[in-house]
Amino acid sequence: MSCHWTTKVSLLIDEELSREEAAATAHHLKACAACQQVREDFLRLRRQLTSYTIEPNPAAQQHALRKILASDAAAHAGETRRSESTAVNSAIGLRGQLARMFRAWQHAPAMMASVALIIVGIIALLAYVSLRHKTTTDKRAESVAFVPQKDIGRSGAKDGGSDAARVQPSPSLPLPDKSVTPSAETGSRAVVKVKDKTGGRERVLSVVADRNARPREMRATQAGRETIARVIEKGPAQGNASTQVNVARGVEPASVARDSSADDVSRFERYASSAAQFQTTRHVEQAQLLLRSFRNARLADEGPASDIAYEKERSRRLLYRNIVLRREAASNGNLPVEKLLSSLEPILIDIANLPEKPLDDDIRSIKERMQRKNIVAMLQVNLAPAARFN
Amino acid sequence: MASEDEEFALFFNEYYPSLCRFLECMLGGRSIAQDIAQESFMQLYRAGLRSFPAGEARFWIYRVARNFALNELSKGQTRHRLFEKVVDAFRPARALNPEQELEMGERREMLLKTLKTLPEHQRAALLLREQEEMSYREIAVVLGITESKVKVDIFRARNALRERLAKTQGAFVSRTAE
């Protein structure tokens, strides 16, 4: 039995059809018994291939890893590299050419000097670019119009320029309660303490808003547990004028006056946008690796339990970056990325909050949650299109 | 920020088992698969994990591993090892009773033998799709071919396996039912 739709059936189960083609194929499947059988056979084959699992000896695996890591020390001790296989040469490409250039560099002092000059030139160019952008963003921030906010905790300051008087939450943050405590304000910095109550939990956020903001710790006390997360507030240079600048100044900008260097601003915004996308891609890649490692962690009833201290530490580091990137995505209107990072964040919090010697049930519940949300697959799917932006 | 070695270790522990599985299905032997997997990771370590854009290192290592596998196949060195250690490959994830182990082992042996009948490029494309869950675009990057070729290879591989497995598994079912 054959049907010219069978190729479409193969693409359908791989989700490689457009929406219209997928709908047409699904419609055809309802009426074609032959294609239904083909689909069942393809899916059965998939189950057979995916059920082919192997478990390499963990000790042997770690031995292989140590051998690889130790090989670097031998290479640095002056051992000459053996010639690459053609398989690797065909794959390394530019990387191989650079490696060969650096080997030649050792025997060519003139080349060393020219490379050093090039590096100095690049550093000078980067410094110039960063200075220029700083000037542009300074002008932009000063042109923000202030609109006083109502019903937000006040400290008594009445003028719209009081940075510590009001707090405008970012779209992704819940509205704070009215216990806003202004703190010291120096120049372009404002330290604001906000009590945030979400989901019955009370958190004290100590926010320092600065164009050259530094991360500050946000301690969250919850019943029986402590969560440490970091909130970094960026200046308007990162395109978060509607959030972080307002957090600093406690106002909602009615309009953003454009100065004469609007082109520079737009160019910088594009640069910042692509930089954020690259950071998001890298973050998603690392989160995926972490979750896969956690998913493979062995429980006590499956044999020697895996030590997840590294996953916990890694999760803490990724958590603060996730918060930053999620807010960035929210302020940029990037809903798919915001949604993805919002799905990821609770998982990272749970892993980071695990006790030093977690119970099997704790780990199992997180794994089940990961499976229900299909978070690893979501990260993988989103990693491919995100990588195109780089 | 984790050191480069820590990042590499995390990457290694994540992808070493799946790379071994891919190579085992490609070559039919566990020891050669582990040798090639280790060599591939060695090359990645020397190249530097951080030198790759986000997500690219995984594709790179599968490409390198597949090229090594091609070299082995073309040299014919695996001919003597193919399926000699098939039994070693069948280590089930959980303890089974002897009958279940035997049945699972025979099914896997059938699968490996049937995979071997496929042309190498079809086998690689199908395994990367089903076991590694790569998209057609990613498979095209790893194998160095076009997406259209990937679509055709995967479809032909599925069709071929579908027919051959139906015959062999039909015989298997009859035999086990006796």
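H6(B) and helix H7 (residues 136-143) of chain B pack with their axes 10 Å apart, at an angle of about 135 degrees. The axes are lines fitted to C-alpha atoms over the stretch in contact, and angles between N-to-C directions run from 0 to 180 degrees. H6(B) and H7(B) are therefore oblique to each other. On this scale, angles under 35 degrees count as roughly parallel, over 145 as roughly antiparallel, 65 to 115 as roughly perpendicular, and the rest as oblique.

This is a predicted model: local features need pLDDT of at least 70, side-chain atom pairs count only at pLDDT 80 or more, and totals for chains, interfaces and linings use all residues. Residues are numbered from 1 along each chain as its sequence is written, chains are lettered from A and ligands numbered from 1 in the order in which they are written, and side-chain values use heavy atoms, with hydrogens and water left out.

H6(B) and H7(B) cross in a right-handed manner. A crossing is right-handed if the near helix is turned clockwise from the far one by less than a right angle, and left-handed if anticlockwise. From H6(B), the residues B:His121, B:Ala124, B:Ala125, B:Leu128 and B:Arg129 meet B:Tyr136, B:Ile139, B:Val142 and B:Leu143 of H7(B). Contact means heavy atoms within 4.5 Å. The contact of H6(B) with H7(B) has 7 nonpolar, 1 polar and 1 charged residues. Ala, Val, Leu, Ile, Met, Phe, Trp, Tyr, Cys and Pro count as nonpolar, Asp, Glu, Lys and Arg as charged, and the others, Gly among them, as polar.

Helix H6 (residues 120-130) of chain B also packs with helix H3 (residues 56-75) of chain B, at about 150 degrees and with axes 12 Å apart. That angle makes H3(B) roughly antiparallel to H6(B). H3(B) passes H6(B) in a right-handed crossing. H3(B) contributes B:Tyr62, B:Arg66, B:Leu70 and B:Leu73 to the contact, and H6(B) contributes B:Glu120, B:His121, B:Ala124 and B:Leu128. By class, the contact of H3(B) with H6(B) has 5 nonpolar, 1 polar and 2 charged residues.

What does B:Glu120 touch, leaving out residues up to four places away in sequence? Its partners are B:Met26, B:Arg66, B:Leu70 and B:Leu73. B:Glu120 lies in helix H6 of chain B. B:Glu120 is buried, at a relative accessible area of 15%. Buried means under 20% relative accessible area, exposed over 50%, and partly exposed in between (1.4 Å probe, protein chains only).

The chain totals follow.

| Chain | Residues and buried share | Accessible surface and carbon and sulfur share |
|---|---|---|
| Chain A | 390 residues, 39% buried | about 22,000 Å², 55% |
| Chain B | 178 residues, 56% buried | about 7,800 Å², 50% |

Accessible areas come from the Shrake-Rupley method with a 1.4 Å probe. Chain B has 8 helices and 0 strands. Chain A has 13 helices and 5 strands. Helices (H or I, at least four residues) and strands (E, at least two) are DSSP runs, numbered from the N terminus. In chain B, 66% of the contacts between residues at least 6 apart in sequence join residues at least 24 apart. In chain A, residues 24 or more positions apart account for 57% of the contacts with a separation of 6 or more.

A:His4 sits in the segment before helix H1 (6-13) of chain A. A:His4 counts as exposed, at 67% relative accessibility. The C-alpha atoms of A:His4 and A:Cys35 are separated by 9.2 Å, and the two residues are 31 residues apart along the chain.
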